[in-house]
Amino acid sequence: MSREELEKRFQEKIDAEIKIEPKDWMPERYRRNLIRQISQHAHSEVVGMLPEGNWITRAPTLRRKVALLAKVQDEAGHGLYLYSAAETLGISREEMIEQLLSGKAKYSSIFNYPTLTWADIGAIGWLVDGAAIMNQVMLTRTSYGPYARAMVRICKEESFHQRQGYEIMLTLARGTEVQRQMAQDALNRWWWPALMMFGPSDKDSVHTAESMKWKIKRKTNDELRQQFVDVTVPQAEYLGLTIPDPDLKWNEARGHYDFGEIDWEEFWRVVKGNGPCNHLRMKARREAHEKGAWVREAALAYAEKRRQRQQQKAS
């Protein structure tokens, strides 16, 4: 069968909403696009543990500590699900991690901002996880089967994280004036980075067209960003907090909120490794990888010993 015929049948399968599975034929560009997206998603879950992890011991109550610890553990699990999904495309976990540590692979720019106060943990849950859910619910219907199935459980847990963050913000917003100002300050600092989470504008996104054609993505970056703004503004109003955007207003004709222009220079600066915490995050990942070498070596040695024992029993 010619390549043209294979590609035609592949696209017909996509259009018919039939999932692509690991052993199915797929265009090399489809495979590479998925590896890039899934590995970036996995890296983001693992790096995303860092800005919250340093607040576990400083959370204000035992209940908050337990909830935050559970959330960080969930994020580690999400990373493992996603690395496993990417491995079905023929790339090893070691290669993906090496790409991250060398700077070849990216993770979400949002995790390069610092968590300065306890309110930041609430803002991350409400805004960052809220933005992630907008994107990830769509991915439960992505065309690649292992990715779609991994996202079902991830989305359920992310929904809990979003509610947890919003409850923190609600508690602060209804607390003392100092607590309310802390919540407003966190919203001021996290609002624009949260909007940047959806990626570059559609006109500047080099992957959107193919991702939409192959139904890896179901909505464009700008469509998801608009959906996030429309859902989040009423939530801020309920909290009694102000979105830090003087251009934000309801557009009756469009049926959507109009909002100000994102600082794309800042977005690209952070993506390219020059954000407030880029170097810190990568330093932490490299150190963790190096210090964990003995665990990986021990696991491999145990697996080899077990294999040899099974061989001896079989013989």
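Which side chain meets that of E304 in a salt bridge? The partner is R307, with an N to O distance of 2.5 Å. A salt bridge is defined here as a side-chain nitrogen of Lys or Arg within 4 Å of a carboxyl oxygen of Asp or Glu, and the count by this rule is 23. The model is predicted: local features need pLDDT of at least 70, side-chain atom pairs count only at pLDDT 80 or more, and totals for chains, interfaces and linings use all residues. Residues are numbered from 1 along each chain as its sequence is written, and side-chain values use heavy atoms, with hydrogens and water left out.

**Pairs within one helix**

- E304 and R307 are three residues apart in helix α13 (residues 293-314), so about one helical turn separates them; helices are DSSP runs of H or I with at least four residues, numbered from the N terminus.
- E304 has a relative accessible area of 32% and is partly exposed, meaning between buried (under 20%) and exposed (over 50%), with a 1.4 Å probe and protein chains only.
- R307 is also partly exposed, at 38%.
- In helix α1 (residues 3-15), E5 and R9 are four residues apart, or about one helical turn, and their side chains form a salt bridge at 3.4 Å, N to O.
- E5 is partly exposed at 29%, as is R9 at 48%.

**A pair between helix and loop**

- K13 and D24 form a salt bridge, with their closest N and O atoms 2.9 Å apart.
- Because K13 lies in helix α1 and D24 in the loop between α1 and α2 (28-47), the pair ties together parts eleven residues apart in sequence.
- D24 is partly exposed at 25%, and K13 at 26%.

**A network**

- Salt bridges link E17, K215 and R218 in a network.

Definitions and conventions: Helix = DSSP H or I, 4+ residues; strand = E, 2+ residues; numbered from the N terminus.
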